[in-house]
Amino acid sequence: MYMASIPFTLAALATSAVPGLVVFGVREHEEDSRFAEAVIVSEDAELLVRVPRTQAAEVQQSATVLGLAALTAGPRGKLPFAVPETLGMTRAGETRAVVTTFVDGDHFSAEDLLTDALLLEPIACAIAAIHELPLSVAQSGGLPVSTAQDLRLIATRLIDRAEATRMVPETVLQRWQRTVEAAELWDFAPTTVHGSLDAEQLRVAEDRVVGIVGWSELSVGDPAADLAWLLAPGNDVLEAVLARYAAQRNTGSLAHLRTRAALYHELEVARWLLHGIESHDQSVIDDAVAMLDRMVGVGGALSVAYAVTQDRAPLSDQEVEAMLDETPLVSSHLSETAVVEALDEDRMFGNETDFIEPLQSRGQSRAESEGNTGSGSGSGSGSGSDSARDLVPETEGFAALQADTGIVPDFDLSSFAAAAEAAAAEAAAAEAANTDANGAGGRQSGGADRTAEAAGARGEAASRDTADRAPTAHDAAEREARARDAAVRAAATRTEAKWPVWPKSRDSASGAGQEAPPRARAADEATGGVASSNRAERASTATDPADDQLTEPYDSDDLPSPPERDR
């Protein structure tokens, strides 16, 4: 590396790096032994020129240049202290010289801080101001951006490397591992951090922080890393700074922040140990091992901080406010679809009076309703007229049911009465026809009687079921349909019993030229053509002589000829 050993040489490099620079004076500056440094006095300001002595120093210098470039005028205006500004750079042998503005101020040692020091408040404000910088400062500057889990993984890998040396006491190692395994400690929001903040990077004057240098590790990371160095004077100093720090910004859980800061403070010893091993410096290794031995026990800062997080002490006012600030707002507005899905539909319709018609009378009891209904179905095997009337409930029965249950059917009761009258008339006509029918017709007529009796039985069962339970509109509609279908089947069966379907030849399979008997036409007109369609369907299936054999045999001598029937 190029060794710039005299201040005048550095002043010459400064004039090469900053065009138009007029040097009025120069003085030697020994702040970091890794660099050759000098302070240049110009016409209006003091400048700092630095040349790295080692490769590691050159890498750090490059990182510092990137960090200062990310701190543009906007972010700098939000900081209550001075930050160096890069003015230029030039070649210096195999490396380069960098010229920046000089941030002057007094130095102090962290061990000299006391809990009542006036400098604690400015320190807390300075750290909080850095953490309040937008994340875009690091993002737009191409600097590292880490999540909470990334930082947890980095700490875990550092612990694993230290464990591999077999020089870390088991008690200390378990304490580190327990901390990184506690997931709740790593649930935080990363912020913009200085990254290498300690007492050496701060410049103070009259109990104020006037400047901060060393921005080589500016990034998005854990805010606890910038607070770890405050444990050097003791836990009380850290607690005092944290109290002032929490008043400046939302910190989340102070207990978790304190625990991570204690972990980073102890992991600095692990880094020192690894540095000694990698550089093969036995003195550094011995120093690190001695510090690790002093960390054995349960009274360390990390042990105390971790124990506090496990005790789950009540949150302070600041922690509660911070938690509320981090809690996202949940809108109470729901869409119409969500409201409907959240409701119980049965309750909604049961409580909605728009769906219930007012009751007319509640004087008639359920017993009366059952009596009225049962009176119509008393004769299960009586006349065809009684059986037909039992196909549907009576109007009075529904009125009693309405008065007892409050349920109003949404169908017309008059249709039931008309269907009952039509069924009764058809049943009477069937009985008269059965009396005059011949043997074959009598046999088929008997089948019609059985069909009518079965329909009557079904009607009686439906009537009894109606008396036992409150019908719904759907059940009533089904009963009406069954009653109509039974009446249609009865009429169609009686008609075919009187006028059986003549066997058709293959030539007349289509049924062309055949005319339905008069009573069949009357049944069609009364039932809307249902009987005719049923006849046509049955007739269409008898297109083969083999199919004709499936029909019930009859004696053609016992029946009148078709012309006589037509007449």
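Which residue in strand 2 is the bridge partner of His-29?

What we have here is a predicted model, so local features need pLDDT of at least 70 and side-chain atom pairs count only at pLDDT 80 or more, while totals for chains, interfaces and linings use all residues. Residues are numbered from 1 along each chain as its sequence is written, and side-chain values use heavy atoms, with hydrogens and water left out.

Let's start with the sheet. Helices (H or I, at least four residues) and strands (E, at least two) are DSSP runs, numbered from the N terminus. Two strands pair if DSSP finds at least two bridges between them. Here five strands form an open sheet in the order 1-2-3-5-4, with antiparallel pairing. Strand 1 (25-29) and strand 4 (86-92) are at the edges with a single partner strand each, so one side of each has no neighbour in the sheet. On average, neighbouring strands are turned by 25° against each other, direction ignored; axes are lines fitted to C-alpha atoms, for helices over the stretch in contact, and angles run from 0 to 180 degrees between N-to-C directions.

Back to my opening question: the partner of His-29 is Glu-37. Strand 1 and strand 2 (residues 35-41) run antiparallel and are joined by five bridges.

Now the helices. Contact means heavy atoms within 4.5 Å. Helix 1 (residues 7-17) lies across strands 1, 2, 3, 4 and 5, at about 115° to strand 4. Helix 2 (residues 55-70) lies across strands 2, 3, 4 and 5, at about 40° to strand 5.

On to the salt bridges, where a side-chain nitrogen of Lys or Arg is within 4 Å of a carboxyl oxygen of Asp or Glu. By this rule there are twelve. One of them joins Arg-203 and Glu-31, at 2.6 Å from N to O. Arg-203 sits in strand 7 (residues 202-204) and Glu-31 in the loop between strand 1 and strand 2, 172 residues apart.

Are these two buried or exposed? Buried means under 20% relative accessible area, exposed over 50%, and partly exposed in between (1.4 Å probe, protein chains only). Arg-203, at 2%, is buried, while Glu-31, at 37%, is partly exposed.

Glu-37 returns here too: a network of salt bridges links Asp-32, Arg-34, Glu-37 and Arg-50. Within it, Arg-34 and Asp-32 meet at 2.9 Å, N to O.
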